[in-house]
Amino acid sequence: MFPIQRPRRLRRSPIIRDLVRETVLTRDDLIYPLFIRECGGKAEPITTMPGQMRHTLDSLPGAIESTVKTGIKAVMLFGIPSTKDPMGSRAYADDGVIQRSVRSIKERGFPVSVITDVCMCEYTSHGHCGMIKDGDVDNDSSLELLVRTAVSQARSGADMIAPSDMMDGRIGAIRKGLDDAGFQNTAIMSYAVKYASAFYGPFRDAAGSAPAFGDRRTYQMDPANRREALREARMDIEEGADIVMVKPALAYLDIISEVRKISDVPVAAYNVSGEYAMIESASKAGCLDRERAIIEILTSIKRAGADLILTYHAPDALKLLD
């Protein structure tokens with residue numbers, strides 16, 4: 001007795017597989033994160049993230065030009081200031097590294113959407129994402145500085161603001177701050193569901209943002225929690241988020257899927273630095289096919305429900321998609 005149902009019929013050739021493919025990864029899905037140091041000179045490699053660079057204000061235009069040539073349409077900027085203080089004042093300075101970077105990109109007319117990270121951890125001397133009070137991050141006093149940072153970035157020309165701090169109420173506060181300052185059309189992509197993850201290590205090395213004491217578990221989410229993720233996403237949507245993000249991506253595919261089900265706004269996912277570094281290390285050791293792994297992982301993130309994917313593999317992925 002031979003089977004009547006034969007799913008292999010639709011796997012017989014590349015053309016048939018393409019015709020029936022359920023999830024299609026495209027260049028429009030990808031956002032490329034970039035690091036910029038507040039200094040001049042040449043870009044320098046990030047040892048914990050092979051292939052990635054700490055750009056400078058001098059090298060940034062060339063980096064953006066190269067990025068645009070690959071077909072990338074959106075970048076996320078992370079700043080590395082030359083000085084830090086307890087208030088993170090370089091985050092919201094008009095001549096801060098992100099503000100100057102955005103103006104540099106916009107003045108040159110590059111056809112790329114510029115998204116800016118809104119957080120304090122890269123700018124504070126203590127390395128936390130807000131103001132310290134009684135040994136912990138004080139939620140409400142941090143909101144004012146996050147709003148000031150978002151408004152200063154919008155004033156510089158950012159197309160989209162991406163708050164990553166995980167303070168309660170910051171989306172509503174930033175939306176009001178942007179609107180009051182005349183930036184009603186500046187979109188917010190909220191890091192709505194950001195877990196206290198072990199996968200951020202290379203990023204913290206790249207950005208110099210590791211906390212000087214303690215950790216971030218009082219404001220980033222417990223990796224064991226699923227229902228809380230849905231609450232966080234709903235709250236940010238209600239407060240005015242235009243896009244909600246899940247971070248990290250690969251270890252939280254189930255969360256991406258759950259957020260997609262309840263969200264009426266686009267869902268983004270961040271394929272973070274530790275996930276990137278794992279692929280690079282395993283590839284270098286000969287453990288896997290790097291190109292296939294990149295596309296397989298990004299496809300899995302989209303299949304889970306992500307409309308947008310932030311990934312350091314964006315340039316490689318676009319070459320493989322051509």
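Me: In which loop is the place of Pro 248?

Reply: This is a predicted model, and in it the peptide bond from Lys 247 to Pro 248 is cis, with omega near -5°. Strand β10 covers residues 243–247 and helix α8 covers 253–262, and the place of Pro 248 is in the loop between β10 and α8.

Me: What is the radius of gyration of the protein chain?

Reply: The protein chain has 11 helices and 12 strands, and its C-alpha trace spans about 75 × 45 × 40 Å along the principal axes. For 322 residues a compact globule would have a radius of gyration near 20 Å, and the protein chain agrees with that expectation, its value being 20 Å.

Me: Is Met 166 buried or exposed?

Reply: Met 166 lies in the loop between β8 (160–163) and α5 (170–180), and its phi is positive, about 70°, although Met 166 is not a glycine. Its relative accessibility is 4%, and because buried means under 20%, Met 166 counts as buried.

Me: And Asp 134, is that residue buried or exposed?

Reply: Asp 134 is a residue other than glycine with a positive phi, near 55°, and it is found in the loop between β6 (131–133) and β7 (136–138). The relative accessibility of Asp 134 is 75%, and since the cut-off for exposed is over 50%, Asp 134 counts as exposed.

Me: Which side chain of opposite charge is nearest to Arg 216?

Reply: Arg 216 is found in the loop between α6 (201–207) and α7 (227–239), and, leaving aside neighbours within four places in sequence, its contacts include Cys 121, His 128, Cys 129 and Arg 204. Arg 216 is buried yet has no salt bridge. A salt bridge would need a side-chain nitrogen within 4 Å of a carboxyl oxygen, whereas the nearest side chain of opposite charge is 7.5 Å away and belongs to Glu 122.

Methods:
Residues numbered from 1 in each chain as written. Predicted model: local features only at pLDDT ≥ 70, side-chain atom pairs only at ≥ 80, totals over all residues. Heavy atoms only, no water. Helix = DSSP H or I, 4+ residues; strand = E, 2+ residues; numbered from the N terminus. Buried < 20%, exposed > 50% of the residue type's maximum accessible area, 1.4 Å probe, protein only. Lys, Arg positive; Asp, Glu negative; His and termini not counted. Contact = heavy atoms within 4.5 Å. Rg over C-alpha atoms; globule rule 2.2 N^0.38 Å.
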